Amino acid sequence: MAEKLPIIQNVTMSYSGLFDVKELYSAINEWFKDKGYDRREIKNEEHVSPSGKFIDIEIMPYKKLSDYAKSVIRIQITMHDVKEVEIERDKHKVKLNQGSIEIIFDSYLETDYEGRWEQTPFYFFMRTVYDKFFYKNYTEHFEEMVASDTREMEAMIKSFLNMYRFRK
Amino acid sequence: MLDKNKNIPPTVLKYKGIFDIGALYKFMSHWLINEGFEFYETKYKHKPPKIEINWEANKRITSYVKYIMEIHFYFYGVNDVEVIKDGAKRKMQDARVVITFSGKVETDYPDIYGDKNWEKNKFFVKAKKFFENYIIRQDLDVKHIDPFYYYILRFYEDVKSFLGMETVGGLS
């Protein structure tokens with residue numbers, strides 16, 4: 001089994017107000033696509049109720065950094081009481097959503113994701129030695145890459161949602 | 001490579017609201033047929049207010065590679081309701097549904113007699129292992145496993161769009 005090294009854990013962000021669900025979802029997917037991540041959607045849940053929609057999405061895109069390590073960013077998005085509202089902007093009526101969002105970010109560096117170094121105890125031993133002494137610099141570099149991608153993603157979502165505060 | 005077993009990880013769609021179960025069934029089966037899949041309903045269990053359905057759809061890509069898509073539906077809390085849509089009364093269902101999409105890329109699939117060409121003797125079994133691990137490994141990843149995963153996601157996106165879910169359009 002591959003080894004998962006946690007890089008950023010449980011970073012949360014909340015927002016309440018106007019936003020566009022479709023645009024937010026597309027912006028996240030576009031960002032990952034631009035950064036070379038492969039898409040992986042674990043769950044997408046939607047409940048329609050009179051108080052608004054409840055939406056719960058879990059995505060876990062990954063990017064292979066080498067044949068040995070890959071970056072995995074897990075994002076859990078929960079939206080409550082999402083309603084459709086119509087606002088007037090530049091004398092035009094625009095449909096947006098109103099509700100609250102909570103986003104949780106976690107990221108990992110997954111090493112030996114193909115499980116090649118775990119076939120025999122000797123390989124496993126060699127892998128540990130290799131990780132600790134020879135590959136240390138690369139691992140540190142990869143850790144920085146994963147952390148920077150996660151922070152960039154977080155900043156992108158923050159600025160995306162902030163944009164709506166000033167669009168009213 | 002998503003998995004060394006050539007399995008596509010499951011993606012789960014959950015929805016609660018008013019929709020037409022019959023129309024969803026037709027939409028999904030037509031989608032698979034239009035895309036050239038042969039599909040079988042391996043399970044149909046209707047015990048009101050629950051319905052459980054399993055589908056297995058497969059498509060031969062080459063004489064060596066076949067895509068298998070597995071879809072599991074679980075409808076619960078199903079209640080019939082009458083709604084007015086586009087000025088006409090329609091019978092729909094207020095229900096919860098969980099749809100799980102998964103799949104796998106099968107190599108050396110059985111022929112019509114159920115025999116696998118590369119499992120006829122020990123030499124072929126070893127040759128197949130060598131062939132898949134060293135000769136066509138990249139091809140399987142790049143030409144089959146990853147595209148098939150995105151193919152399943154396209155189907156998943158179309159189902160989300162059919163149900164009128166907010167989060168559609170992730171595959172551009």
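This is a predicted model: local features need pLDDT of at least 70, side-chain atom pairs count only at pLDDT 80 or more; totals for chains, interfaces and linings use all residues.
**Entry 1: where the chains meet**

I began with the contact between the two chains, which takes 22 residues from chain A and 19 residues from chain B. I count two residues as in contact if their C-beta atoms, placed from the backbone, lie within 7 Å. On chain A, H1, strand S2 (41–49) and S3 each supply at least two residues of the side that touches chain B. Helices (H or I, at least four residues) and strands (E, at least two) are DSSP runs, numbered from the N terminus. S2(A) gives the largest share of that side, eight residues. I then sorted the side of chain A that touches chain B by class and found seven nonpolar, five polar and ten charged residues. Here Ala, Val, Leu, Ile, Met, Phe, Trp, Tyr, Cys and Pro count as nonpolar, Asp, Glu, Lys and Arg as charged, and the others, Gly among them, as polar.

Residues are numbered from 1 along each chain as its sequence is written, while chains are lettered from A and ligands numbered from 1 in the order in which they are written.

**Entry 2: strands across the contact**

Which strand of chain B pairs with S2(A)? I found strand S1 (residues 7–19) of chain B, paired in the parallel sense over five bridges. Two strands pair if DSSP finds at least two bridges between them. For one bridge, I followed His47(A) to its partner in S1(B), Lys16(B).

Next I looked at Pro50(A), in the loop between S2 and S3 of chain A. Is Pro50(A) buried or exposed? Pro50(A) is exposed, with 4 other C-beta atoms within 10 Å. The cut-offs: buried means 20 or more other C-beta atoms within 10 Å of the residue's own, exposed means 12 or fewer, and partly exposed is in between, with C-beta atoms placed from the backbone. The C-alpha atoms of Pro50(A) and Asp81(A) are separated by 8.9 Å, and these residues are 31 apart along the chain.

**Entry 3: chain A as a whole**

I listed three helices and six strands in chain A, and read the pattern β-α-β-β-β-β-β-α-α along its sequence. Its C-alpha atoms fill a box of roughly 70 × 30 × 20 Å along the principal axes. Buried residues make up 27% of its 168 residues.

The number of buried residues in H2(A) is zero, so it lies largely in the open.

**Entry 4: the cores**

Which residues touch the most other members of the largest nonpolar core? I noted Val21(A), Ile77(A), Met79(A) and Leu109(A), in a core of 29 residues. A nonpolar core is a set of buried Ala, Val, Leu, Ile, Met, Phe, Trp, Tyr and Cys residues joined through C-beta atoms within 7 Å. The elements giving two or more residues to this core include strand S5 (69–89) and helix H3 (136–165) of chain A. S5(A) provides the largest share, seven residues.

Beyond its neighbours within four places in sequence, Leu109(A) has contacts that include Leu5(A), Ile7(A) and Phe142(A). Apart from this core lies another of 27 residues, among them Ile99(B) and Phe101(B).
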